[in-house]
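The stops below proceed from the whole chain to single residues.

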Amino acid sequence: MKIAITGKGGVGKSTLSAALCRSFAELGYNVLAVDADPDANLALALGMDTGDASKIIPISEMKDLVEERTGAPSGTYGSTFKLNPKVDDIPERYATMFDGIKV
Ligand SMILES: Nc1ncnc2c1ncn2[C@@H]1O[C@H](COP(=O)(O)OP(=O)(O)OP(=O)(O)O)[C@@H](O)[C@H]1O
Ligand SMILES: [Mg+2]
């Protein structure tokens, strides 16, 4: 199951996302929390301390990886890109375990 939470600024997206992550993890689900906001703070909303949270590299800064997977050079507009790039190896390479949640 994939759940995407989106909406206008400051309405509680990160708070709700963190609560859902914790609830599903408590129920025994294998939870992968992905913060696609360039100004990421889901790790903090989950309760991670600022030092550990700051070690997580935002997806928006992984320009080489995004280019490699989507085929779209960074900073170019109007180019075509893959809508379903390979991503299944990314959690293993970049995620941090926190309270039973992969962040
Ligand atoms: N149900 C709620 N009732 C009252 N305050 C809330 C509720 N949910 C979240 N908040 C508070 O509202 C503020 C914004 O919440 P949050 O950061 O989750 O929003 P966001 O949609 O992720 O914001 P952004 O668009 O900046 O990423 C926070 O201070 C949070 O504690
Ligand atoms: Mg947010």
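**The chain as a whole**

Read along the sequence, the protein chain follows the pattern α-β-α-α-α-α-β-β. It contains 5 helices and 3 strands, where helices (H or I, at least four residues) and strands (E, at least two) are DSSP runs numbered from the N terminus. This is a predicted model, in which local features need pLDDT of at least 70 and side-chain atom pairs count only at pLDDT 80 or more, while totals for chains, interfaces and linings use all residues. Residues are numbered from 1 along each chain as its sequence is written, and chains are lettered from A and ligands numbered from 1 in the order in which they are written.

Display the C-alpha trace: along the principal axes, these atoms fill a box of roughly 40 × 30 × 30 Å. Of the 103 residues, 14% count as buried. A residue is buried if 20 or more other C-beta atoms lie within 10 Å of its own, exposed if 12 or fewer, and partly exposed in between, with C-beta atoms placed from the backbone. Among contacts with a separation of 6 or more, 45% come from residues 24 or more positions apart; a contact requires C-beta atoms, placed from the backbone, within 7 Å.

**Stop 1: ligand 1**

Select ligand 1 and the residues around it. Which residues surround ligand 1? They are Gly 9, Gly 10, Val 11, Gly 12, Lys 13, Ser 14, Thr 15 and Asp 37, taking a residue as near if its C-beta atom, placed from the backbone, lies within 6 Å. By class, this shell has 1 nonpolar, 5 polar and 2 charged residues. Ala, Val, Leu, Ile, Met, Phe, Trp, Tyr, Cys and Pro count as nonpolar, Asp, Glu, Lys and Arg as charged, and the others, Gly among them, as polar.

**Stop 2: helix H1**

Next, select residues 13–26, which form helix H1. Colour Ser 17, Ala 18 and Cys 21, which are buried in H1. Seen down the axis of H1, the buried residues fall within an arc of 95°, so they line one face of the helix; the arc is that of the directions from the helix axis to the C-beta atoms. The cover over these buried residues includes S1, helix H2 (42–46) and S3. On the other side of H1, Ser 23 and Glu 26 are exposed.

**Stop 3: Gly 28**

Move on to Gly 28, in the loop between H1 and S1. Its phi is positive, near 100°. Is Gly 28 buried or exposed? Gly 28 counts as exposed because it has 8 C-beta neighbours inside 10 Å.

**Stop 4**

Now show the strands. They form an open sheet of 3 strands in the order S1-S3-S2, with mixed pairing; two strands pair if DSSP finds at least two bridges between them. The edge strands are S1 (31–32) and S2 (97–98), each pairing on one side only. S2 and S3 (residues 101–102) run antiparallel and are joined by 2 bridges. Met 97 has Lys 102 in S3 as its bridge partner.

Finally, select Asp 99, in the loop between S2 and S3. Asp 99 has a positive phi of about 50° although it is not a glycine.

Methods. The expected span of a helix is 1.5 Å times one less than its number of residues. Two residues are in contact if their C-beta atoms, placed from the backbone, lie within 7 Å.
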